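Open the structure in your viewer and keep the selection tool at hand.

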Amino acid sequence: MITKISIIHKRLLISLPLILCPLTFISAQSVREEIRLDARRSAGTFLAYPVSHPSTMTPPPEGKKPFFLSHYGCQGSYYLDQQEDYDAPYRTLAKADSLGKLTPLGRDVMQRLDRIRRDAKDRTGELTELGAQQQHNIIRRMEYLFPETFDKSGYVSGRCATVNRCIMSMEEAMVELARLRPTGLSHKASLSFKPYLNPQDKQLQAAKKDSLTAARYQAFAAAYEHPERLMQALFTDASYLKPKKARSLMDQLFDVAGNLQNTDLRNSLTLYDLFTSDEIYQQWKKRNAWWYINYGGCALNGSQQPYASRNLLRHIIEKGDSVILLQKPVTHLRYTLETAFMPLVCLMDINGFGLVTDDLETLDEKGWADYRIAPIGANLQIIYFRRDFDDQDVLIKVLLNEQEATLPVTTDCAPYYHWKDVREHYLRLLNIKN
């Protein structure tokens, strides 16, 4: 039996491969409209980084040439971390099916989930083929745009957190770079990099969800949890699941729906057809607030969470100072997790993402959206420019996800900034919290 929803499902599958997934956005376009145009953005930090990423670069001031590229990137597309993430919603539907409680759509979804969980078996947390391709393409574009920093007379080093998908992301980039530039490469994963590439701050961790913050978030999220329509579509008895389990199932289905775009099944399966446009936006909204509370400048818990990446920012400054003293080109490739990357972007207040507010409701109106900051494959590139070794006025340009970005520093040559001004600004910021 072909239901109306099944027809919508097929039409959605036809259109998905044709939708571009750029990480640049029209400033006048609301987050809600962006998500309406492409539901995959509602996956937030699981938004798959685009394989193709054209961008226009502002040329540097006359005579200035790049000599150092400092790159900090997240792992590419990967499977969800736990097999249970796939098995739990499947089990719920399979049990209901054994009791004759599933609608035709419910059985269809159960079969889709079975295919998805079998694809993910023994691959949880691993880099996918798409993730590998993203890393190949990102490094290729870096080498194309800034060939001077990859010159064979210089030095390229890769370092990463000791997490499988971070290691594989670095290795995939190095494989591509070895093809483009076969000499002078060094790459390593070590626990010694943990203080800056996978920082842990017990004090900040404890402060993330104090009782008042947790209560505010729970009240906020509850306003966007409405599983009743979906339960009616999946179950012959809409009250089959108690409200708490119904909300949990909806969340589980949405998580799988968002991650699916990162796997080989992305062009043949979708779960987004299960949700209305309003439900997709609401699910994103409560997840976006969660990321803001845990890694952004949320005033509810003291606005301090971005300082979790203070060691990483200090590392950036120290490496900048040291490479300026060298007479050869250098490229540093660093690979970390989104949980270190997002607070770094917020701490540096890139593109205004250092936003401090206690109003979770208006985050998207203020432009704070998780998928704009740290989609899967997110990267921050800091490129240093000078005329020659004797040039004391070093300039930098920052690219967030390969797009020219702004810093909270005064400049007379935007999007370029004087390194001495940037260095002074961030050292002052770091001295606030040692």
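The tour goes from a pocket to a helix and then to the cavities.

This is a predicted model, where local features need pLDDT of at least 70, side-chain atom pairs count only at pLDDT 80 or more, and totals for chains, interfaces and linings use all residues. Residues are numbered from 1 along each chain as its sequence is written, and side-chain values use heavy atoms, with hydrogens and water left out.

**Stop 1: the largest pocket**

Select Phe46, Asp255, Arg287, Trp290 and Trp291. Of the 29 residues lining the largest pocket, these lie nearest its centre. A pocket is an open set of points on a 1 Å grid over the protein atoms alone, with protein on both sides within 12 Å along at least five of seven lines; lining residues have an atom within 4 Å of a point. The space in this pocket is about 710 Å³. Volume here is the space filled by probe spheres set on the points, which are joined across faces, edges and corners.

Now show helices H3 (83-98), H9 (211-222), H11 (243-259), H12 (277-295) and H14 (338-347). Each supplies at least two lining residues. Helices are DSSP runs (H or I, at least four residues), and strands are too (E, at least two), numbered from the N terminus. H11 gives the most, with 6 residues.

Colour the lining by class. It has 11 nonpolar, 7 polar and 11 charged residues. Ala, Val, Leu, Ile, Met, Phe, Trp, Tyr, Cys and Pro count as nonpolar, Asp, Glu, Lys and Arg as charged, and the others, Gly among them, as polar.

**Stop 2: helix H14**

Stay on H14. Is it mostly covered or uncovered? Mostly covered: 9 of its 10 residues are buried, meaning under 20% relative accessible area (1.4 Å probe, protein chains only). Phe341, Met342 and Cys346 are among them. After H14, click aspartate 349, whose phi is positive, near 55°.

**Stop 3: the largest cavity**

A cavity is a set of grid points where a 1.4 Å probe fits but cannot get out. There are 2 cavities of 30 Å³ or more. The largest holds about 60 Å³. Select its lining, including Leu313, Met348, Val398, Trp419 and Arg423. H16 gives the most residues, 4. The lining has 11 nonpolar residues, no polar ones and 1 charged.

**Stop 4: the second largest cavity**

Select Tyr79, Tyr86, Asp119 and Asn259, which are among the residues lining this cavity. Its space is about 30 Å³. Helix H4 (residues 104-120) gives the largest share, 3 residues.

Conventions. Buried means under 20% relative accessible area, exposed over 50%, partly exposed in between (1.4 Å probe, protein chains only).
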